[in-house]
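Thanks for coming. I will go through one model today, starting with some salt bridges and then moving on to the chain contacts.

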Amino acid sequence: MKINIAKYYPLIPVYAVYLTMFLVGFFVPGLWQLVALLAFYCALGQSWNIFMGMTGYVDFGYVTFIALGTYGMALGITYFSQFPGLGIAIIFIGLLLALFLSTLSAILEAGIALRLRGAYFAIACIGINEGLRHLIEGAKIWGGSEGMLYWKELTEVFGTETAIQLTTLWADIAVFIIAAMAAFINVYYMRSKIGYALTAIREDEDAAKVMGIDTTKYKTIAFLTSGWLGALVGAMAWGLKLTHVFPADVFVIHYTVECIVIVVLGGIGTLLGPLVGGLIYGLSKYWLAIILPGFQLLIFAPIIICIIIAFPEGVIGVVKRRVKGTRLERYII
Amino acid sequence: MILELLAGNLIHGLLLGCVYGLSTMGLSLIFGVLKVINVGHGPFIMVGAFVTLAMVTIFGTAPPVAIPAALVVGMALGFAFFYTVMRRLIKAPEFTTLLVTFAIGILLQEVVKFTFGAEYRGYNWEVGKIILTITTIPMTKVYASIGSIIIALLLYLWFNKTRIGTAVRAVVEDSEGARVCGVNVDRIYALSFAIAIGLTVMSGVFLTMFIPVGINPYMGGVYTLKAFVIAVLGGLTSPYGAFFAGLIFGLIENGAYVLFAQIPGVAPFSLTVSLAFWMLFLLLLIKPTGLLGAK
Amino acid sequence: MALLRLENITKRFGGLVAVNDVSLEIEAGESIGIVGPNGSGKTTLYNVISGVYPPEQGRIFFEGKDITNLPAHRRAPMGIGRTFQIPRPFSSASVRENVAVGAMFGTLSGKVSVDECSEIAEHYIELVGLQAHKDKDSGTLTPVEKKLMEIARALAMKPKLLLMDEAMAGMHPRDIDDMVKFLKKIKEDEDITIVSMVEHIMRAVAGFAERVMVMYRGAKLIDAPTAKALSDPRVIDVYLGRPTGEGEDAEG
């Protein structure tokens, strides 16, 4: 089958931005942490966009995937560090566990929640998130509310030097890679049958069914992909980077809301949107924390309300309309 | 032994259930009328708690005096948020309404935090207690429950015996139909939103009468989640359904706690909360079509 | 073997019997009109055929296969296409993308690439005369254009059976004549069996359908060649609301 390269042109600006971010962070002293934070937000935005942006379903429990990804990494490092000789493989085992756990919860949610629409779907997802969190705390699974700490295990396997390298550098680089993957998957889906099906589902699900679209199948594909990417981000950006996990820290709806804000700011259902939104959100949050520590939320909340009411289509939504019919059009979706 | 404990707890659960019921009616009313889930529901309950705290500690009044004050504050907030924000989001996609109501909740939390501080507070109000063989019930809890029932009854009368209440029910059923029949739907939207927020803030007063400690700007989150469970249990669009679901929820919550506490090596409180959400999940699983209703 | 066979279909909504014991056979290559006043159960019958909901009683066979309990999305690839009474475009997608969806998930599903679907879409967009609008968001079209787009979308599915729901309502009489001609041509060129449902534009039915089934209050009133059906006194009664109906409004 011939591959139409032109379809992937929109990735050029995305990867250019990521490369610039990476180089700036790598070579300008003191900026790595900020760049890593931005990459985290962009990666989350893009991962979340795959499901929500294309189907219009609001997965308010998205943070469940990130949280379970974190637990996957925590379990990988904690339990497999006991086997000598595994070395770096425990990180990959952690990633596999992250995928495994997120698949389980995705099946739970997809099997049931995806049959519900609108408000009921949002509530069911929140329900699963809270149910899992309190189940872990209540039944004292994986350390219960005391969580898991595994810096010691990490140093035992890799030595302090490498452990520091892993948590402060490689975890962040991995987030960049996941972000790049998420961008590619976004474009791939948008330009394939899946994207057409998801758009049809977003606009009119019943009509989509009559047109021959197996709505459950396509929703599940998008949901799983989105969940897996979220779990990978969680495994790296939280699991490996922080070397601890507490249920009360990770199953927090606030993070879902951050994802929504990022995607909506940038432009829902677009490729560049989550990237632009992630940058705007990350930078302004970082900046507000410096100039007005403690007041970020107080300032953010009204601004977000105003932006959503005034520009529901987001930055890229507006740009897209502007470039329609020009040569830039093929690069911006 | 355990049966006595269970019975005692169930009494408390029933009393608390009344307050839960009242605190969820606003959520159901907003969903019924505007088709919007108020994700910032809990923070409005928190506002009610702080209204009470302010009345008691600053003005030295008894907590029940805060009830009308909370209603006024709540309705004022309701009208304000409706005309500035919600009015523009009536037919908007879900993500905008969810995001905006969540942001409103955060805004309330932060404003309260900067006014009152973030620490946990409480107040004292001693008005005697009822001593039964199985348990002891402070009168404050009894008053809170009776108060909740009275407010719910008043709402019922307003819904069923007044012209405007009937109009609200018509809008819940079919807003376009109501519009055709000459109902000023936009006014009904505004009024229902304000009344719903008023109810929610007011329920915060009753909640502090029930649990007069732990008042802090971030206390609302857990009530948002409980209200979701209760609202779905009650059918989501029906305020009375919500009230009775509140009773059931109060009973289950308090009963389950006693039973979970018998299992060694678990945290019964968290398990109880967890159970609530699995209940919600099961409910949505068993009755998705019924709850979805006619599209 | 009939292309579509309905056996004693009954569909209720609560206490209301929307379709009452309707049987119908459609042979491949026929043009059939389904006629009836507002609320006579026509759209419900369409929904049962296309799989929006299952009937309470009765069976549906398509090309001899029992599809009664098949979900909607499995029926379209078998060759059942339809349009809607009130057009349902995928509003944020362009006309071309809308029509491409038809090609992608219809009977060609799995046999054509996305690019090929786009080409198929172009063909049908031109056929219905919307080429000037192909890159517009479908939500911005006029109601008549939306109807045309839906026809293109349904045709791109390459269906064996095309169910058209009030395709000509709201059209100028001259356009109706054009549409009738168009449908006749399509039927020959594409080898499609067309069922066209109309409320009361008899001009469209008379010009197009060889056979007409008249529905009244959920039940089949008559199933006969067009001229005979439309001159049947019972049918005239239904539309003028004389003995059978008490003030049934024929305006819709």
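A residue is called buried when its relative accessible area is under 20%, and exposed when that area is over 50%, with partly exposed in between. Keep in mind that this is a predicted model.

With that cut-off, take A:K219. Its relative accessible area is 3%, so A:K219 is buried. This lysine forms a salt bridge with A:E205, and the closest N and O atoms are 2.8 Å apart. A:K219 sits in helix α9 of chain A, residues 215-242, and A:E205 sits in helix α8 of chain A, so the bridge ties together parts that are 14 residues apart in sequence. A:E205 is buried as well, because its relative accessible area is 9%.

Over all chains, the structure holds 29 salt bridges. I will show a few from chain C. C:K11 and C:E56 meet through their side chains in a salt bridge, 3.6 Å from N to O. C:K11 belongs to strand β1, residues 4-13, while C:E56 lies in the loop between α1 and β4 of chain C, so this pair ties together parts that are 45 residues apart in sequence.

The next pair is C:E63 and C:K160, whose side chains form a salt bridge at 3.1 Å, N to O. This one links distant parts of the chain, 97 residues apart: C:E63 is in the loop between β4 and β5, and C:K160 is in the loop between α5 and β7 of chain C. C:E63 is partly exposed at 25% relative accessibility, and C:K160 is partly exposed at 33%. Chain C also has a network of salt bridges that links C:E30, C:R211, C:K220 and C:D223.

Now the contacts between chains. Which chains share the most contacts? Of the two pairs of chains in contact, it is A and B. Their contact takes 43 residues from chain A and 44 residues from chain B. Together the two chains bury about 4100 Å², with 84% of that on carbon and sulfur atoms. On the chain B side, B:F95, B:L99 and B:F281 supply 17% of the area buried against chain A, more than any other three residues. Between chain B and chain A there are zero salt bridges, and four residue pairs are in polar contact. The element that gives the most to the chain B side is α4(B), with 15 residues.

The A and C contact involves 24 residues of chain A and 28 residues of chain C. About 2100 Å² is buried there, and carbon and sulfur atoms give 66% of it. In chain A, the residues that lose the most area to chain C are A:Y196, A:V210 and A:M211, together 37% of what that side buries. There are two salt bridges between chain A and chain C, including the one from A:K7 to C:D115, with the closest N and O atoms 3.8 Å apart. Six residue pairs are in polar contact across this interface. On the chain A side, α7(A) provides the largest share, seven residues.

Chains B and C are not in contact; their closest C-alpha atoms lie 11 Å apart.

Last, the surface. A:Y286, A:W287, A:I290, A:I291, A:L292, A:F295 and B:F114 make a nonpolar patch of about 670 Å². Helix α12 of chain A gives the largest share of the patch, four residues.

Key
Residues are numbered from 1 along each chain as its sequence is written. Chains are lettered from A and ligands numbered from 1 in the order in which they are written. This is a predicted model: local features need pLDDT of at least 70, side-chain atom pairs count only at pLDDT 80 or more; totals for chains, interfaces and linings use all residues. Side-chain values use heavy atoms; hydrogens and water are left out. Patches are made of residues with over 30% relative accessible area and no salt bridge: like charges are joined within 9 Å, nonpolar side chains (Val, Leu, Ile, Met, Phe, Trp, Tyr) within 5 Å. Accessible areas come from the Shrake-Rupley method with a 1.4 Å probe; for residues, only the protein chains shown count as cover. A salt bridge is a side-chain nitrogen of Lys or Arg within 4 Å of a carboxyl oxygen of Asp or Glu. Helices (H or I, at least four residues) and strands (E, at least two) are DSSP runs, numbered from the N terminus. Contact means heavy atoms within 4.5 Å. Buried area is the accessible area (1.4 Å probe) that two parts lose on being put together, summed over both. A polar contact is a pair of N or O atoms within 3.5 Å; within protein, one must be able to donate a hydrogen and the other to accept it, and residues adjacent in sequence count only if both atoms are side-chain atoms. Buried means under 20% relative accessible area, exposed over 50%, partly exposed in between (1.4 Å probe, protein chains only).
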